[in-house]
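The following note takes up several features of the structure shown below, for a reader who is new to such models. Please keep the structure in view while reading the numbered points.

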2 protein chains.
Amino acid sequence: MSIRIGILGYGNLGRGVECAVRQNPDMELSAVFTRRDPAQVSILTKEAAVCRVSEAEKWKGKIDVMILCGGSATDLPQQTPQYARYFNVVDSFDTHARIPEHFANVDQAAKENGTLGIISVGWDPGMFSLNRMYANAILPEGKDYTFWGKGVSQGHSDAIRRIAGVKNAKQYTIPVEHALEAVRAGENPALTTRQKHTRECFVVLEEGADPAKIEEEIKTMPNYFADYDTTVHFISEEELLKNHSGIPHGGFVIRSGKTGWEQENSHVVEYSLKLDSNPEFTASVIAAYARAAYRLSQEGQTGCRTVFDIAPAYLSPKSGEELRKHLL
Amino acid sequence: MSIRIGILGYGNLGRGVECAVRQNPDMELSAVFTRRDPAQVSILTKEAAVCRVSEAEKWKGKIDVMILCGGSATDLPQQTPQYARYFNVVDSFDTHARIPEHFANVDQAAKENGTLGIISVGWDPGMFSLNRMYANAILPEGKDYTFWGKGVSQGHSDAIRRIAGVKNAKQYTIPVEHALEAVRAGENPALTTRQKHTRECFVVLEEGADPAKIEEEIKTMPNYFADYDTTVHFISEEELLKNHSGIPHGGFVIRSGKTGWEQENSHVVEYSLKLDSNPEFTASVIAAYARAAYRLSQEGQTGCRTVFDIAPAYLSPKSGEELRKHLL
């Protein structure tokens, strides 16, 4: 029997999960839940239902894992604990500072209702976190570096779009190549924010807006741009749609460390991702962890988990014997 | 209380484990067991005992995890099941084809005696296996590549040393850069053995040996060199000791895969290691899994495990709360 998946929230991530489910023969999409009018939402999977979010609870017992595809700012803090009362759940909550609180809320709801939840699944948090953790456990004496990009930052693009006179915008985060090279060479450099990443912005202006003023406003924006070397390009809406409509991303997690009685030997562990589609890759990670959530729940486990708590074998459709024979 | 570690076999790997234990404050080295005369074996840790292998069983109850540092050809198939009768054990068994059989033997011995064993720990098998497995679970539609090097292959160096007229030798396995680049670019190339790696040999001849004959013998050696582009350099013993006495290694595990409804998006996941000391890094991975073996045993678990079966958090000295707060 297939693992029956529900998707709550049908934006880029929800559509990504739908595509990922299709690539996993042991899963099937049962229903998509949306805040929009279901009649207006067209999904790709012919066999799946499209329902109002308000109907979700009625699917209890008909969905094995509900995947919550809302935003981390306001949706997930409320939705993940709420739906953990009815379903095993997986989310991609990515507000690092609020993870402990979110974990506690989901853990309580899941334990009270005999379900299992996995939070903060994706690539950062997610695969990047895992690689930081493994490398830290293996090389206790060392230094961690995370670089992001080249890729689109949704948050920074939104920040530009909120400036008066800006019609549309896309922002790329770009790792500084020579900083990356110094880290890879095991030089353990101390790097400022400015030395690690640059920011490149493609901006479409409203009629009559002042480019000089807007460029200044972008480059001096606190938190988002002031601490970076930022380049601003003004382009037409057509050019933006033609050349900047993708959502690529990626990055690098590197730990360099020392071993030996006198720490005489150096080692560099590097994990990197180069992604054409940030939401589709995130969704693919989520699908694998949905399998884990289902299996752990079948074993009678309840409560909240993160990627740190899940033995890797739970992610794979292959048996332990097959994994040992072919992948070990 | 510290985790009390025993080391059985005091070669490069055993010394590496000794150094790794020193870097982990929650562990202590209790004893080293050797087949040599203990009076002739000098170890680095002043507080630890040096004992004959035949005395190991008497340490039952005084050692939490016994780390088996023998070879995969003849030592570990016999030793790991044997010592699993008295201790939790970790080994780095790396004969891929015999893993299923070794797993079954260790599993039986461990279950019968209430101990826990983790086999095939290191970087390949080990961290490379884990990364293959994670990437396969995340990207079901894709292709795997493993490149080794640049690094010293002990097996290939030994094969050269067995040739009559060779006094000493060191062999480096080197990944072919443009093959690596094609894989990274997501081109999914089909690569022959020859296209993936080259082999470079540094050979010291015995007095009067014929270099042309030995070079020919190396380059045509079946399995080891015949399928590769091999370079042979004849050097003096002094030069070999001066420039080629290290044991560096490393490599790359890459999976490129597709997502999207029509598989329209490409992704590349890459994990790489650059190691000054192959045995010390392997030992560092083993130390982290020794912590996991101890904890699982404390929970009452028994039997054999591999890296696929161990939730990452078990490797870290940090608590779940600390991991979620600082590394997720």
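1. A salt bridge is here a side-chain nitrogen of Lys or Arg within 4 Å of a carboxyl oxygen of Asp or Glu. The model is a predicted one, and this rule finds 0 salt bridges between chain A and chain B. Over all chains, however, the count comes to 32 salt bridges.

2. How many residues of each chain take part in the contact between chain A and chain B? On the side of chain A there are 68 residues, and they are in contact with 68 residues of chain B. The size of an interface is often given as the accessible area lost when the parts come together. For chain A and chain B the buried area is about 6300 Å², and carbon and sulfur atoms give 63% of that area. Within chain A, the residues that lose the most area to chain B are A:Gln23, A:Trp261 and A:Leu328; together they account for 15% of what that side buries.

3. Although the count of salt bridges between chain A and chain B is 0, polar contacts do occur across this interface: the rule finds 25 residue pairs, with both residues at pLDDT 80 or more. Which elements of chain A give two or more residues to the side that touches chain B? They are the helices α1 (12-23), α3 (99-113), α4 (127-138), α10 (278-298) and α11 (320-326), together with the strands β12 (249-259) and β13 (265-275). The largest share, 11 residues, comes from β13(A). By residue class, the side of chain A that touches chain B divides into 35 nonpolar, 19 polar and 14 charged residues.

4. Strands of a sheet pair through backbone hydrogen bonds, either parallel or antiparallel. In which sense does β13(A) pair with strand β13 (residues 265-275) of chain B? The pairing is antiparallel and extends over 9 bridges. Within this pairing, A:Ser272 stands opposite B:Glu270 in β13(B).

5. Chain B contains an open sheet of 7 strands with parallel pairing, in the order β3-β2-β1-β4-β5-β6-β14. Its edge strands, β3 (49-52) and β14 (303-305) of chain B, each pair on one side only. On average, neighbouring strands of this sheet are turned by 25° against each other, direction ignored. One of the pairings is that of β5 (residues 88-91) with β6 (residues 116-118) of chain B, which run parallel and are joined by 2 bridges. There, B:Val90 is found opposite B:Ile118 in β6(B). Helix α10 (residues 278-298) of chain B lies across β1 (3-8), β2 (27-34), β4 (65-68), β5 and β6 of chain B, and the helix runs at about 155° to β6(B).

6. In chain A, 4 strands form an open sheet of mixed pairing, in the order β8-β9-β10-β11. Which strands form its edges? They are β8 (151-152) and β11 (229-234) of chain A, each of which pairs on one side only. The strands β8(A) and β9 (residues 166-175) of chain A run antiparallel and are joined by 2 bridges; A:Gly151 has A:Thr173 in β9(A) as its bridge partner. Helix α5 (residues 154-161) of chain A lies across β8, β9 and β10 (197-205) of chain A, at about 145° to β9(A).

7. Some backbone details remain. A cis peptide bond, with omega of about 5°, joins A:Asp124 and A:Pro125, and A:Pro125 lies in the loop between β6 (116-118) and α4 of chain A. In chain B, a cis peptide bond joins B:Asp124 and B:Pro125, with omega of about 5°; B:Pro125 is found in the loop between β6 and α4 (127-138) of chain B. Finally, A:Asn223 is not a glycine, yet has a positive phi of about 65°. A:Asn223 is found in the loop between α8 (211-219) and β11 of chain A.

Notes. Residues numbered from 1 in each chain as written. Chains lettered and ligands numbered in written order. Predicted model: local features only at pLDDT ≥ 70, side-chain atom pairs only at ≥ 80, totals over all residues. Heavy atoms only, no water. Contact = heavy atoms within 4.5 Å. Buried area = accessible area lost by both parts, 1.4 Å probe. Polar contact = N/O pair within 3.5 Å; in protein donor to acceptor, adjacent residues only side chain to side chain. Nonpolar A, V, L, I, M, F, W, Y, C, P; charged D, E, K, R; others polar. Pairing = 2+ DSSP bridges. Axes fitted to C-alpha atoms, helices over the stretch in contact; angles between N-to-C directions.
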